[in-house]
Amino acid sequence: MRQFLAGIILFLGVVIQVWGQSPGHVHYKAGEQLLRQNKAVEALDKFNLALIEEPSNFLYHSGKGQALMKQGKADAAIIAFQKAIFYKEDYARGYELMGEAYLDLNQIDKAINFYNLAYKTENDISAKVAFKANLIKALIEFDRLPQAELHVNELLTLAPYNSDAHFWNGEFNMASGNLSAAIRGYKKALEYNKEVKPEATARIYYGLGRALYQNGDTENAKKAWSKANYGEYKKLVAEDMSRLNPEYYYKAGVSYYMTGDWDEAMLQLKKAVEMKADYAQAYKYLGIISDKRDLTTEANSYFTKAVQTERDSSKQADIYLIWLTSQIENENFAGAITSAERVLKFNDQNSKAWLMKTQAEFHLSRYTTAMQSAEKGLATMVNIQDPVKKAPYYYYLGISARFAGNISKAKEALTLALHGNTKYAARHELDILTGVISK
């Protein structure tokens with residue numbers, strides 16, 4: 001009897017040893033290792049070698065299919081998975097892999113069918129939960145929310161105390177816009193969670209943070225995200241945390257403004273000032289956009305807030321200069337003079353401010369002060385030789401002098417304005433002064 005048992009043990013040992021050293025198995029294990037290293041091409045070669053040795057081994061076909069999937073060859077992968085299932089009809093993982101392949105091909109209905117087959121074929125509860133979770137994820141991604149709800153309810157019935165089941169309940173409700181239910185789902189997932197490592201719970205805390213934030217609970221959202229700051233969620237947390245900063249909405253608003261999407265720019269900039277009531281630069285852009293839309297009252301209101309909240313004098317002067325341009329265009333000449341004086345108080349060498357102050361004073365019939373402002377503007381351009389750049393100053397100096405009764409200065413200035421955009425207007429004014437034409 002002892003000899004018989006010894007013989008059995010020896011035989012089993014030989015069988016195990018042969019299996020362990022089987023050429024097909026050796027190639028398969030090497031392929032698995034390469035697949036884990038994302039070396040899909042080399043892995044495929046190993047799985048093909050394994051299949052030469054054992055063409056009916058379902059695992060080898062499955063490995064081949066996964067290597068093909070990694071290479072983006074879903075059609076070919078499906079053929080490999082079909083063979084795996086052919087050789088092992090109750091291969092639940094094979095059905096799931098078929099579902100993944102059809103998802104890659106955006107064939108959601110076929111994917112659903114194979115995920116369901118995986119679920120029905122599998123007997124292990126934890127594996128069934130995983131298959132159902134992948135199906136729910138796919139349905140959410142493809143916006144099949146009514147179907148997703150049915151599977152969420154089935155999953156909760158199957159595993160009412162399973163953390164993953166409640167997590168996907170949270171994800172479904174988040175996608176559906178039911179924030180309260182989503183929060184409850186994520187909290188239940190944490191309650192039933194058995195993982196100790198924070199990396200394992202990161203996705204739950206991340207989802208909870210999103211739900212809390214969208215539900216208006218910013219402080220608790222921050223707390224949740226601080227516990228989700230691990231692994232792949234680190235970048236997502238950083239992006240979401242940035243949304244708690246008005247700078248995020250300001251930058252988004254300016255970016256939309258630059259692309260010409262003024263509606264979205266206004267929405268983003270308004271969010272910035274809602275979060276930070278003294279955000280001067282955001283008010284500045286709100287003023288600019290309102291001005292471009294000919295909403296003069298709104299523009300003036302935003303520019304007023306911008307200069308009132310800006311603490312940096314140079315930036316305040318910049319806002320006044322932009323506002324000044326708007327006021328000239330909208331013929332608010334009294335306001336323009338005030339804005340010009342604010343700019344010049346900070347920098348009396350700003351030739352543009354002098355020119356617009358001159359224009360405003362001329363249109364208010366303040367001809368003497370207009371002449372003075374034009375001459376001060378020209379004084380800032382003493383090192384500029386280009387007559388075209390000086391011409392607008394000479395033009396306003398000339399017409400202001402004409403109305404002030406200083407004809408000789410008017411003729412002299414208008415002669416120097418015969419360049420660029422003011423050339424023909426200056427010629428017309430000179431012709432009137434010299435009697436060539438009547439006014």
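Modeller: Let's start with Arg402, which forms a salt bridge with Glu429, their closest N and O atoms being 2.6 Å apart. By salt bridge I mean a side-chain nitrogen of Lys or Arg within 4 Å of a carboxyl oxygen of Asp or Glu. Arg402 belongs to helix H23 (residues 387-404) and Glu429 to helix H25 (residues 423-433), so the pair ties together parts that are 27 residues apart in sequence. Helices here are DSSP runs of H or I with at least four residues, numbered from the N terminus. Both Arg402 and Glu429 are buried; on this scale buried means under 20% relative accessible area, exposed means over 50%, and partly exposed is in between (1.4 Å probe, protein chains only).

Before going on, a word on the source: this is a predicted model, where local features need pLDDT of at least 70 and side-chain atom pairs count only at pLDDT 80 or more, while totals for chains, interfaces and linings use all residues. Residues are numbered from 1 along each chain as its sequence is written, and side-chain values use heavy atoms, with hydrogens and water left out.

Searching the whole structure turns up 17 salt bridges. One of them joins Glu171 and Arg210, at 3.2 Å from N to O. That pair links distant parts of the chain, with Glu171 in helix H10 (residues 163-176) and Arg210 in helix H12 (residues 198-214), 39 residues apart. Glu171 counts as buried at 18% relative accessibility, whereas Arg210 is partly exposed at 22%.

Glu191 and Lys188 meet in a salt bridge at 3.8 Å, N to O, and both sit in helix H11 (residues 179-191), three residues apart, about one turn of the helix. Lys188 is partly exposed, at 34% relative accessibility.

On to the rings: there are 21 aromatic pairs in the structure. Rings of Phe, Tyr and Trp (its six-membered ring) pair if their centres lie within 6.5 Å; planes under 30 degrees apart are stacked, over 60 edge-to-face, and the rest tilted. Tyr248 and Tyr249 have ring centres 5.0 Å apart and planes at 85 degrees, so they're edge-to-face. Tyr248 is partly exposed at 30%, while Tyr249 is buried at 7%. Elsewhere, Phe362, Tyr367, Tyr395, Tyr396 and Phe403 make up one aromatic cluster.

Definitions and conventions
Helices (H or I, at least four residues) and strands (E, at least two) are DSSP runs, numbered from the N terminus.
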